[in-house]
Structures are given as C-alpha cells and as structure tokens.
Amino acid sequence: MKTNKIKLDIISDVVCPWCTIGYKRLEKAIEEMGVSDKLDIEWQPFELNPHMPAEGENVQEHIANKYNASPEDQQRSQEHMKQAGIELGFTFDYFDQMRMVNTRDAHVLLDFAKEKGKQTELKMRLVTAFFSERKDVSDREILMQEVKAIGLNSTEALAKLDNDDARYEVQAKESYWQNLGVSSVPTMVFNGKSAVTGAQTVDVYKQILTELLDN
C-alpha cells in the first residue's frame with residue numbers, strides 16, 4: 001500500500017442511528033486493516049430536523065409523522081439497529097419517552113472540537129449520550145458535561161455556542177453539502193470525489209479503503 005492519506009468527510013447527524021452504525025463499521029474496517037494513520041476524518045453537519053423546537057418530539061410520534069411508519073415497522077427497525085449495534089459494541093437503548101431533539105448546538109460544538117483536535121471523540125461521546133445513556137443532546141448543561149468529559153474547556157465551548165458566526169458557519173457547511181447533492185445521511189466523501197451513502201458493511205469499507213490506498 002502507498003502512504004498517501006485519504007481525506008474523508010462524513011456528513012451526518014448525532015441523532016442518526018445509521019450514521020453511528022456506518023461509522024462503527026468503518027472504524028472496524030480501519031482497525032482490522034491497521035490504517036488509522038492513513039485517514040484524515042472530518043465530520044460535516046447535517047440536521048435531520050433543523051426546525052425541531054426546543055422541547056423536541058417523541059421519537060415514535062416523530063417517525064410516524066415524518067416517515068409514515070407504523071409502530072410495528074418502528075419496532076422491527078429498532079430491533080435491527082440494536083442487533084447491528086451489539087455486533088459493533090454499541091448500545092441502542094430505545095425507550096418509550098425518547099425524544100428527537102434539535103442538534104444545531106451539537107454541530108457548533110463539533111466544529112469547536114475540530115479546532116482542538118477532538119472532533120471524533122466528541123462525536124462519539126454525543127451519539128453515545130443520546131442513544132445509550134438517554135441524554136438530551138440539545139440541553140446545554142448536558143452538552144457542557146460531554147465537552148468536559150473529553151477534556152475540553154466548557155467556558156470556551158459555551159462562548160462558541162453564543163457566537164453568531166459559529167452558528168452561521170454550521171448552516172453554511174450544511175448548505176454546501178446539500179448543494180453538492182447530499183440529501184441523506186450518512187454520506188461519506190472520499191478525497192472530495194467519490195461518495196458512499198448509507199451504512200455499508202465492514203467488507204465494503206475495506207474494499208473502498210484498499211482501492212484508495214493502492215491508487
């Protein structure tokens with residue numbers, strides 16, 4: 001394999017289960033191939049529900065309204081995701097009172113964490129908080145706890161959340177990727193050229209990485 005580095009943009013939301021599954025499968029492929037030093041990963045924002053009000057919406061009602069999914073369909077889908085999570089060492093803890101929330105603040109903080117070299121760490125902390133720990137990742141108090149949990153300064157992080165330019169930057173990035181045709185997540189863009197959507201298998205990610213590293 002050659003030593004050229006792959007630039008990987010992962011467009012996703014922190015409340016997107018398939019984004020988590022896709023990344024965990026990619027992570028497994030990277031680990032098994034031993035190529036973690038060959039990738040430069042940057043998380044890009046995508047809000048599944050940019051107009052979600054502060055109080056959020058019950059997940060079951062939200063999925064029913066947005067995707068016209070019956071309770072039975074949702075149950076099957078959740079079981080499928082739980083099983084996929086188990087295989088990857090990740091816990092999806094769905095519960096009756098679970099709420100879909102607004103993720104704008106989370107994306108602003110992911111930009112902040114990128115500046116500090118801890119973007120992936122915060123991303124995984126936030127998805128774990130939401131899916132595994134029943135936490136509201138739109139609650140600033142919770143967000144500050146997670147920021148501190150990975151060793152970042154919560155005062156700096158809070159200032160970022162109140163910075164209009166930082167919030168605009170998230171919107172600008174979202175628009176950029178949507179204008180390029182990204183309409184569903186996860187979407188992974190390799191070297192700014194080839195894009196793969198959806199949660200692929202570990203083997204598919206291995207194949208993609210092998211081809212890119214050999215070119």
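Both Glu 47 and Arg 104 are buried, where buried means under 20% relative accessible area, exposed over 50%, and partly exposed in between (1.4 Å probe, protein chains only). The structure is a predicted model, in which local features need pLDDT of at least 70, side-chain atom pairs count only at pLDDT 80 or more, and totals for chains, interfaces and linings use all residues. Residues are numbered from 1 along each chain as its sequence is written, and side-chain values use heavy atoms, with hydrogens and water left out.

**Exercise 1.** Find what links Glu 47 to Arg 104, and state which parts of the chain the pair ties together.

Solution. 
- Step 1: Apply the test for a salt bridge, which is a side-chain nitrogen of Lys or Arg within 4 Å of a carboxyl oxygen of Asp or Glu.
- Step 2: The side chains of Glu 47 and Arg 104 pass this test, with N to O at 2.7 Å.
- Step 3: Glu 47 lies in the loop between strand E2 (39-45) and strand E3 (57-58), and Arg 104 lies in helix H4 (residues 104-115), so the pair ties together parts that are 57 residues apart in sequence. Helices (H or I, at least four residues) and strands (E, at least two) are DSSP runs, numbered from the N terminus.
- Background: side chains of opposite charge can pair when their charged atoms come close.

**Exercise 2.** Describe the salt bridge of Arg 140 and Asp 105 and the network around it.

Solution. 
- Step 1: The N to O distance between the side chains of Arg 140 and Asp 105 is 2.9 Å.
- Step 2: This pair links distant parts of the chain, since Arg 140 is in helix H6 (residues 140-149) and Asp 105 is in helix H4, 35 residues apart.
- Step 3: Arg 140 is partly exposed at 29% relative accessible area, whereas Asp 105 is buried at 11%.
- Step 4: Salt bridges link Asp 105, Arg 140, Asp 162 and Arg 167 in a network.
- Step 5: The search of the whole structure finds 19 salt bridges.

**Exercise 3.** Decide whether Asp 9 and Lys 7 are buried or partly exposed, and give the distance in their salt bridge.

Solution. 
- Step 1: Asp 9 has a relative accessible area of 7% and is therefore buried.
- Step 2: Lys 7 has 26% and therefore counts as partly exposed.
- Step 3: Their side chains meet at 2.7 Å, N to O.

**Exercise 4.** Locate Lys 173 and list what it touches.

Solution. 
- Step 1: Lys 173 belongs to helix H8 (residues 164-179).
- Step 2: Its relative accessibility is 18%, so Lys 173 counts as buried.
- Step 3: Leaving out residues up to four places away in sequence, Lys 173 touches Glu 42, Gln 44, Pro 45 and Asp 111. Contact means heavy atoms within 4.5 Å.
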